[in-house]
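Good morning, and thank you for coming.

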Amino acid sequence: MLPLQPAAPAAETAPPSLETEQPPALKQRGDHAPQATDSTTGLPIELIMLQQAADAAHHKLEQLDDHHERDLQRQVWLQAAEVVQAAVMRYARTKRLNRYEVEARLRQLVRHTVR
């Protein structure tokens with residue numbers, strides 16, 4: 001009998017080449033400092049700030065009447081939302097958490113907490 005061998009890792013989880021590439025999390029952050037976290041949820045303050053910025057961009061979009069200004073603001077909002085999604089995905093992957101649960105907890109915190 002042949003011993004069972006573990007399956008090859010998926011392409012996105014394959015370790016980077018030790019000589020040429022940094023891990024994806026280090027590429028994005030650029031530093032090695034631990035993230036500050038919110039004391040009630042344990043979510044990184046960076047995620048909270050990014051979600052607040054995306055929500056503010058969306059709120060501003062809702063207030064605009066001019067078609068051209070709305071188009072420009074929609075792009076700002078979409079870019080901010082993409083940054084949040086990427087950050088949530090990195091955080092969830094790093095901590096081995098469900099991305100959808102992290103995102104839901106983040107939105108709940110930002111949108112339903114009076115500050």
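**Overall architecture**

Read from the N terminus, the elements of the chain follow the order α-α-α-α. In total there are 4 helices and 0 strands; helices (H or I, at least four residues) and strands (E, at least two) are DSSP runs, numbered from the N terminus.

Two remarks on the basis of this talk. This is a predicted model, in which local features need pLDDT of at least 70 and side-chain atom pairs count only at pLDDT 80 or more, while totals for chains, interfaces and linings use all residues. Residues are numbered from 1 along each chain as its sequence is written, and side-chain values use heavy atoms, with hydrogens and water left out.

Of the 115 residues in the chain, 20% are buried. Here buried means under 20% relative accessible area, exposed over 50%, and partly exposed in between, with a 1.4 Å probe and protein chains only. Among contacts (heavy atoms within 4.5 Å) between residues at least 6 apart in sequence, 47% join residues at least 24 apart.

**Helix α3**

I turn to α3, which has 29 residues and spans 42 Å from its first C-alpha to its last, close to the 42 Å expected at 1.5 Å a residue. The expected span is 1.5 Å times one less than the number of residues in the helix.

Which residues of α3 are buried? They are Q73, A80, V84, A87, V88, Y91 and A92. Their cover includes α2 and α4.

Apart from neighbours within four places in sequence, Q73 touches A57, K60, L61 and L64.

**From α3 to α4**

Between α3 and α4 lies a loop that contains R96. R96 has a positive phi of about 60°, although it is not a glycine. Is R96 buried or exposed? With a relative accessible area of 78%, R96 is exposed.

**Helix α4**

At the start of α4, a side-chain oxygen of N98 comes to within 2.8 Å of the backbone nitrogen of Y100. The ring of Y100 has the charged end of R99 over it, 4.4 Å from the ring centre; a charge sits over a ring if NZ of Lys or CZ of Arg is within 6 Å of the ring centre and within 35 degrees of the ring normal.

The buried residues of α4 are V102, E103, L106, L109 and V110. Seen down the helix axis, these buried residues fall within an arc of 130°, so they line one face of α4; the arc is that of the directions from the helix axis to the C-beta atoms. An α-helix has 3.6 residues a turn, so residues three or four places apart point the same way. The buried residues of α4 pack against α2 (45–63) and α3. On the face turned away from the buried side, α4 carries the exposed residues Y100, E101 and H112.

How values were computed
A polar contact is a pair of N or O atoms within 3.5 Å; within protein, one must be able to donate a hydrogen and the other to accept it, and residues adjacent in sequence count only if both atoms are side-chain atoms.
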